Structures are given as structure tokens and as C-alpha cells.
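Here is a short briefing on one protein chain. Look over the sequence and the 3D view, then read on.

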Amino acid sequence: GAGARLVTHAKALKNAHAILSRDKSEYMLASCGARIWFVVSLLEDLFLEHVGLVSLELFASGFRHLQILGSSKYPTEAWRLLGEIE
């Protein structure tokens, strides 16, 4: 994605860079039951209105619990909860 970069991610993720890829033939893999997380750094501060997630894999499982956390700096101990889906 333009203006964003993957900073770090859970070791359980394979091909994690695909999170920001526009190429639909690239995808991230995670084993079932693994605790998945990743940190994306944006080029500039922004006002967040919507977050979209797309799964194009027909046989992939979906998210059961999703938290979106934000911080004006990284690394940080002070993450702010921006949204949660359960």
C-alpha cells in the first residue's frame, strides 16, 4: 500500500508483506488458532473513519475477534483502542 509499511508481525504469519500488497495473487498465511498481530506504520497522521478487510480465499476462515489499536509513535506501551469486532 502507498504510504504504509509493515513494521513487524507475529512469527506465525507467513508472507506477511502481502497484507499491504495490491496483487491479488499474493496472500498471507496463518495457522488456525495462532495469535495473529501485525504493526503497520503510516506515512502521516490521519483521521480514521473506516477500516476494510478483504478475504478473497474461498476456503479461508474469517476473523472471530479483531482489535484495531493506534499510537502516534512506535514502539509504544500506550496503544489506544480504535475499534473492536467480536
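A residue is called buried when its relative accessible area is under 20%, exposed when it is over 50%, and partly exposed in between. Tyr-74 has a relative accessible area of 44%, so Tyr-74 is partly exposed. Keep in mind that this is a predicted model.

**Overall build**
- The protein has four strands and zero helices.
- Read from the N terminus, its elements follow the order β-β-β-β.
- The C-alpha trace spans about 35 × 30 × 25 Å along its principal axes.
- Take the contacts in the protein with a separation of 6 or more: 36% of them join residues 24 or more positions apart.

**Confidence**
- The mean pLDDT of the protein is 87.
- A pLDDT of 70 or more is reached by 98% of the residues.
- Among the elements, strand 1 has the highest mean pLDDT, at 94.
- The lowest mean pLDDT among the elements, 90, belongs to strand 4 (residues 80–85).

- The protein has 86 residues, and 9% of them are buried.
- Its accessible surface comes to about 7,800 Å².
- Carbon and sulfur atoms account for 54% of that surface.

**The aromatic pair**
- How many aromatic pairs does the structure hold? It holds one.
- The partners are Tyr-74 and Trp-79, with 6.2 Å from centre to centre.
- Their planes are 50 degrees apart, and the pair is tilted.
- Why tilted? Planes under 30 degrees apart count as stacked and those over 60 as edge-to-face, so 50 degrees falls in the tilted class.
- Are the two partners buried or partly exposed? Tyr-74 is partly exposed at 44%, and Trp-79 is partly exposed at 36% relative accessibility.

**The nonpolar patch**
- Which element gives the largest share of the patch? Strand 2 (residues 38–42) does, with three residues.
- The relative accessible area of Ile-36 is 30%, so Ile-36 counts as partly exposed.

Technical notes:
Residues are numbered from 1 along each chain as its sequence is written. This is a predicted model: local features need pLDDT of at least 70, side-chain atom pairs count only at pLDDT 80 or more; totals for chains, interfaces and linings use all residues. Side-chain values use heavy atoms; hydrogens and water are left out. Rings of Phe, Tyr and Trp (its six-membered ring) pair if their centres lie within 6.5 Å; planes under 30 degrees apart count as stacked, over 60 as edge-to-face and the rest as tilted. Buried means under 20% relative accessible area, exposed over 50%, partly exposed in between (1.4 Å probe, protein chains only). Helices (H or I, at least four residues) and strands (E, at least two) are DSSP runs, numbered from the N terminus. Contact means heavy atoms within 4.5 Å. Accessible areas come from the Shrake-Rupley method with a 1.4 Å probe; for residues, only the protein chains shown count as cover. pLDDT is the predictor's confidence in each residue, from 0 to 100.
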